[in-house]
Amino acid sequence: MKIITSDSTGLSVGVGGVSGAGKTHVGATAPGGLWLLTEANGLGTIHEVAKQVAVVESLNDLLATTDPSTPVVVPLFTGDDMKRVDALDAAALFIARNAEAIRKAGRSTVILDSFSDLNQRVIDAESNKMGDKLEFDSWQRVKVRSLRPLDMLRTVVGQGLDLIVTFLVAEKMKATKGEAVNEGWKPVLSSSAKDFFMSRLMAVCTLEAKSQQTAAGLQTTRIARFVGKTGFHVFKPKGALGMEPPDFATWKAKAFTNGDTK
């Protein structure tokens, strides 16, 4: 019988935010990053943290020992929509099957950046196939194809790797007394995949970024609303959940203790 402690168990967490909130930045600060990168712009953010980035040319490269301080990137931002989705499926399956060897090679955290982009690629591919009009069966295929790589990737937490999945959110605005008020955020995902996506993860957070001009230049402060279990209340602008710095190590410790932010 093998005893597994919390120190050798990974955490799967969804990191949501509007564009520029710092989703990729959170992933870039996690140790031993292995990126499944669907958006080329993310390379710039990763380079803000690490001068050197190792770009995978073959999935077997993931088994080569790499300095933990060097992010490893699987580029998934070229080719047509379905080829990109198929390439992500192949990468997710390879990582799931070789998680222990990948961890021994220096990786600690798998980052899927982003699930919203993956979901949109599947929708676009299905739209082209169906002449832009999606029926019920098409939306079912969108759900299945979007969730397939996530279902494979979340198995790595049992082999000591952490998993970060970024996704886009949009503000929910409501007119109150003539003013637009933010009621919270909603994930930018197809309704067929959204609820199932949330249930796949052990924890969820939303990020906010506030910038102000100072004597030293433009300063950006990022804060997070984190809960150590899945729940849609992280998408409300106010409530019981406190705001804190976006620190993955702190989130993991909280998720494995009392399951909330208290």
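I began with the secondary structure and counted 8 helices and 10 strands in the protein chain. I note here that the model is a predicted one.

Next I looked up the overall dimensions. Along its principal axes, the C-alpha trace spans about 60 × 50 × 45 Å. I then checked the radius of gyration, which is 19 Å for the protein chain. A compact globule of 262 residues would have a value near 18 Å, so the two agree.

I turned to burial and surface. Of the 262 residues in the protein chain, 47% are buried. The accessible surface comes to about 13100 Å². I noted that carbon and sulfur atoms account for 52% of that surface.

For charges, I found 32 positive and 28 negative ones in the protein chain. Their mean positions lie 5 Å apart.

I located Ser 190 in the loop between strand 7 and helix 7. Strand 7 covers 179–187, and helix 7 covers 191–199. Is Ser 190 buried or exposed? Its relative accessible area is 7%, and the cut-off for buried is under 20%, so Ser 190 counts as buried. I then asked which residues Ser 190 contacts, leaving aside its neighbours within four places in sequence. I wrote down Asn 119, Ile 123, Trp 139 and Val 142.

Methods: Residues numbered from 1 in each chain as written. Predicted model: local features only at pLDDT ≥ 70, side-chain atom pairs only at ≥ 80, totals over all residues. Heavy atoms only, no water. Helix = DSSP H or I, 4+ residues; strand = E, 2+ residues; numbered from the N terminus. Rg over C-alpha atoms; globule rule 2.2 N^0.38 Å. Buried < 20%, exposed > 50% of the residue type's maximum accessible area, 1.4 Å probe, protein only. Areas by Shrake-Rupley, 256 points an atom, 1.4 Å probe, with all protein chains shown as cover. Lys, Arg positive; Asp, Glu negative; His and termini not counted. Charge placed at Lys NZ, Arg CZ, Asp CG, Glu CD. Contact = heavy atoms within 4.5 Å.
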